Amino acid sequence: MAPSPHILNTANTTQRMMKDVLIGLLPIICMSVWLFRAYAVKQLIICTLACLISEFLFVRMRGRSASLGDCSAVVTGIILALSLPGSAPWFVGVIASMIAMGIGKIIFGGLGMNIFNPAMVGRAFVMIAFAQLMGASAYENMTGLADAVSGATPLSALKFSGSAIKISELFWGVTNGSLGETSAFACLVGGLFIVLRKTASWQIPLSIILTVTGIAGITDIAGSHSGEFLFHHLFGGALMFGAFFIATDPVTSPLTAKGKWYFGFGTGVLIMVIRLFSGYPEGVMFAILLMNAVTPLINRWTTPLPMGEA
Amino acid sequence: MADQPTAFERFVQGILPENPVYRQLLGLCPTLAVSNGMKPALTMACSVAFVLLCANVVTSLIRNLLKPHLRIVVFTLTIATFVTIADRFLAAYLFQMSKTLGPYIPLIIVNCLIICRCEVCASKQSVFTAASDALGQALGFGLALSSIATVREIFGTGMFFGIRLLPSAWPDWVIMVLPPGAFITLGLLLGLVNWIGIVKSRRSVND
């Protein structure tokens, strides 16, 4: 092994990474626009614009030159929009974007300094502030869409009324849910792209998915559910979207390979704990935010010792 | 102790230059806990003002009897006496408010703002100075509490003092009346106060 620094590709800039993520998000955007039509388009435009404007304003307030060119605000805006229910009114997207940029990112010093994933900070804020507009009922009030997407979300239905839907529908994503989470297939395609491009680490998604498979599999066998429980938890909620696109945010996830495994394992456990034992049907957002909080600790624990010390 | 501040200086300092919440970061527990509406916030501010004034006056009266190693105990007992009075008074005359505030009135005993004023001012200065110090600090505390409560109540419920202020189309930001809203509001207002301070000091340097 050559001595460090191991810089393979000097073109590995923030802008390139963000563009990769945008390309990776394309299949999901297409899927959600095809599925939710105007709802998805409206939410995407609102969040992206609001994120860009808030980034511009807040960076100005700090007396720095604007940093819109690195595309990170666009990525945050799109991820935020894809994590919202299509029926959420315009101000939900605007407030979530302002909180994401202001309190989630710029207040800590901008990109690279933030502790929590900005998009998830914004979503958590509106989730608690407007529980009625973001909760289970928000997903059932959309008119003008196919029957398949007008009912409860798969995880809500499974949790509160015990009804399951076909696994193929779950996988391809012809179900209801937040704009970007419905199609496990689209998330896998986009996710594999950013993992292969080394924009996202492979350890985090893999360990999250393995952990969730493990816990949901055991629950499935213990409750003799013959598989539908496991697949609902794998493909039904925001697991794929969160594992590939949110948890892998390089700023808020651990730096070391070992740390990434711990991070993914912790996220997976928390997701299943929240899904199984809390009042919420879905726990990806809170699980990732909680693990963001312990990321500095994981980094400290897993820092490799230099040769010759210890 | 020649260069202790005068009574007037003590009074003025408490309001803004040494505001207990925004400058000294004291008494944050009630600041965060009861600032979700103007009514509980003002009740809390008045209770603190009463306890602070009485404790400061009594401490100042007995300041020559205080033994250094026992002073904190004496302060605490003095404060506890007046907190009990305030607590029972609220329970007797403002029962509903007493229920709303719950344990936070008894918790004034451990409000570090009061013990700080006993230690810093009342145990060293005359009764008049101690009383004006208490009034200034209490005013500052009330100002800080009501500024936070204003933001939280208007955003969180669209109301001010329980009176509808914003149109009913206003979507209540439930998070603002919950604990996270308290931390976010306090943090942002603290930043605002610091920013104003920086701008002011810059201006005075330039002048």
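## Working through a two-chain model

Chain A has 14 helices and 0 strands. Keep in mind that this is a predicted model. Here are some exercises to take you around it.

**Exercise 1. Work out how the radius of gyration of chain A compares with the globule rule for 310 residues.**

Solution. Start with the elements: from the N terminus on, chain A runs α-α-α-α-α-α-α-α-α-α-α-α-α-α. Next, take the rule, which gives 19 Å for 310 residues. The radius of gyration of chain A is 19 Å as well, so the chain is as compact as a globular protein of that length. For the outline, picture a box of roughly 60 × 45 × 30 Å along the principal axes, filled by the C-alpha atoms of chain A.

**Exercise 2. Find how α1(A) and α2(A) are oriented to each other, and which residues make the contact.**

Solution. Look at the axes of helix α1 (residues 14–36) of chain A and α2(A): they are 6 Å apart, and the packing angle is about 130°. Angles of 65 to 115 degrees would count as roughly perpendicular and those over 145 as roughly antiparallel. The two helices are therefore oblique to each other. Now for the residues: α1(A) brings Ile29(A), Ser32(A), Val33(A) and Phe36(A), while α2(A) brings Tyr39(A), Ala40(A), Val41(A) and Leu44(A). Sort them by class and you get 7 nonpolar, 1 polar and no charged.

**Exercise 3. Follow the chain on to α3(A): describe how α2(A) packs against it.**

Solution. Helix α2 (residues 38–61) of chain A meets α3(A) at an angle of about 145°, and their axes are 8 Å apart. The crossing is right-handed. On the α2(A) side, the contact uses Gln43(A), Leu44(A), Cys47(A), Thr48(A), Ala50(A), Cys51(A), Leu52(A) and Glu55(A).

**Exercise 4. Switch to chain B and check its make-up against the UniProt record.**

Solution. Chain B has 9 helices and 2 strands, in the order α-α-α-α-α-α-α-β-β-α-α.

The unreviewed UniProt entry lists "transmembrane region" for several stretches, including residues 41–62 and 173–196 of chain B. In the model, residues 41–62 of chain B are 95% helix and 0% strand, with end C-alpha atoms 31 Å apart. Residues 173–196 of chain B come out at 92% helix and 0% strand, with 27 Å between the end C-alpha atoms.

**Exercise 5. Where does chain B touch chain A, and with which class of residue?**

Solution. Count the contacts: 7 residues of chain B meet 7 residues of chain A. On the chain B side, α8 (174–177) and α9 (179–206) are the elements giving two or more residues. By class, that side has 7 nonpolar, no polar and no charged residues.

Terms used
Residues are numbered from 1 along each chain as its sequence is written. Chains are lettered from A and ligands numbered from 1 in the order in which they are written. This is a predicted model: local features need pLDDT of at least 70, side-chain atom pairs count only at pLDDT 80 or more; totals for chains, interfaces and linings use all residues. Two residues are in contact if their C-beta atoms, placed from the backbone, lie within 7 Å. Helices (H or I, at least four residues) and strands (E, at least two) are DSSP runs, numbered from the N terminus. Ala, Val, Leu, Ile, Met, Phe, Trp, Tyr, Cys and Pro count as nonpolar, Asp, Glu, Lys and Arg as charged, and the others, Gly among them, as polar. UniProt positions are given in the numbering used here, feature names are shortened, and annotations may be inferred rather than shown by experiment. Axes are lines fitted to C-alpha atoms, for helices over the stretch in contact, and angles run from 0 to 180 degrees between N-to-C directions. A crossing is left-handed if the near helix is turned anticlockwise from the far one by less than a right angle, and right-handed if clockwise. The radius of gyration is taken over C-alpha atoms; the globule rule is 2.2 Å times the number of residues to the power 0.38. Angles under 35 degrees count as roughly parallel, over 145 as roughly antiparallel, 65 to 115 as roughly perpendicular and the rest as oblique.
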